[in-house]
Amino acid sequence: MTLRNAVMATLLEGEASGYDLAKGFNASVANFWTATPQQLYRELDRMEREGLVTARVVRQERRPDKRLFSLTDAGHDALRAHLADPITRPTAIRDGLLVKVQCADIGELAPVQADITAHMTWSRDKLARYERLRERLLGGRTEEEHLAEAERVGPYLTLLRGIAFEEENLRWGELALRVLAARSSG
């Protein structure tokens with residue numbers, strides 16, 4: 001998957017500025033794809049040159065003009081082609097914390113425990129954001145009602161995956177802290 005596909009998937013929600021996309025990335029696709037605002041703007045420029053998105057300028061008082069991007073027919077076609085691509089391999093975990101844990105036995109455990117605790121805090125914060133997004137998506141409906149009635153279910157399904165990922169990070173963190181605490185006291 002490329003950043004381009006993630007941007008186009010986000011634009012399925014409708015027209016958005018680069019700023020809105022950056023915020024939307026944090027709210028909607030951060031559970032499976034991350035990008036800096038600079039990366040998003042560069043990709044939007046490339047996509048506009050390639051005809052995948054179009055931009056219109058909105059004049060603003062006391063602020064710089066903003067560009068609102070939307071998918072073109074070619075952008076929709078590119079997303080459909082992406083859906084038809086062969087299955088991609090699962091992403092491998094590349095996590096600096098796990099490198100520290102892997103070699104924790106040869107040094108002080110306290111810094112590793114502190115890193116695990118910090119990661120757990122980040123996971124709790126993400127879970128809180130994901131739960132707020134979930135409530136917004138459900139809009140007072142049950143999950144079953146939402147899945148039966150919603151125009152698009154993809155955003156909800158990817159959100160559920162992000163929630164499960166962060167919940168598992170917390171379970172693993174609790175286990176790792178218990179094991180390391182036992183090692184450091186023994």
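At what angle do helix H1 and helix H4 pack, and how far apart are their axes?

## Packing of H1 and H4

In this predicted model, helix H1 (residues 3-11) packs against helix H4 (residues 73-84) at an angle of about 115°, and their axes lie 10 Å apart. The crossing of these two helices is left-handed.

On the H1 side, the contact is made by Asn-5, Met-8 and Ala-9, which meet Gly-75, Ala-78, Leu-79 and His-82 of H4. Classified by type, this contact comprises four nonpolar and three polar residues, with no charged residues.

## Strand pairing

Strand S3 (residues 66-71) pairs with strand S1 (residues 16-17) in the antiparallel sense, over two bridges. Within this pairing, Ala-16 stands opposite Phe-69 of S3.

Strand S2 (residues 53-58) also runs antiparallel to S3, and six bridges join S2 and S3. Here Thr-54 stands opposite Ser-70 of S3.

## Helix H6

Helix H6 spans residues 110-138 and has 29 residues. From its first C-alpha to its last, H6 reaches 41 Å, close to the 42 Å expected at 1.5 Å a residue. Just after H6, Gly-139 takes a positive phi of about 55°.

Which residues of H6 are buried? They are Val-112, Gln-113, Ile-116, Met-120, Ser-123, Leu-127, Tyr-130, Leu-133 and Leu-138. An α-helix has 3.6 residues a turn, so residues three or four places apart point the same way. The buried set of H6 includes Ile-116, Met-120, Ser-123, Leu-127 and Tyr-130.

Definitions and conventions:
Residues numbered from 1 in each chain as written. Predicted model: local features only at pLDDT ≥ 70, side-chain atom pairs only at ≥ 80, totals over all residues. Heavy atoms only, no water. Axes fitted to C-alpha atoms, helices over the stretch in contact; angles between N-to-C directions. Helix = DSSP H or I, 4+ residues; strand = E, 2+ residues; numbered from the N terminus. Left-handed = near helix turned anticlockwise from the far one by under 90°. Contact = heavy atoms within 4.5 Å. Nonpolar A, V, L, I, M, F, W, Y, C, P; charged D, E, K, R; others polar. Pairing = 2+ DSSP bridges. Expected span 1.5 Å × (residues − 1). Buried < 20%, exposed > 50% of the residue type's maximum accessible area, 1.4 Å probe, protein only.
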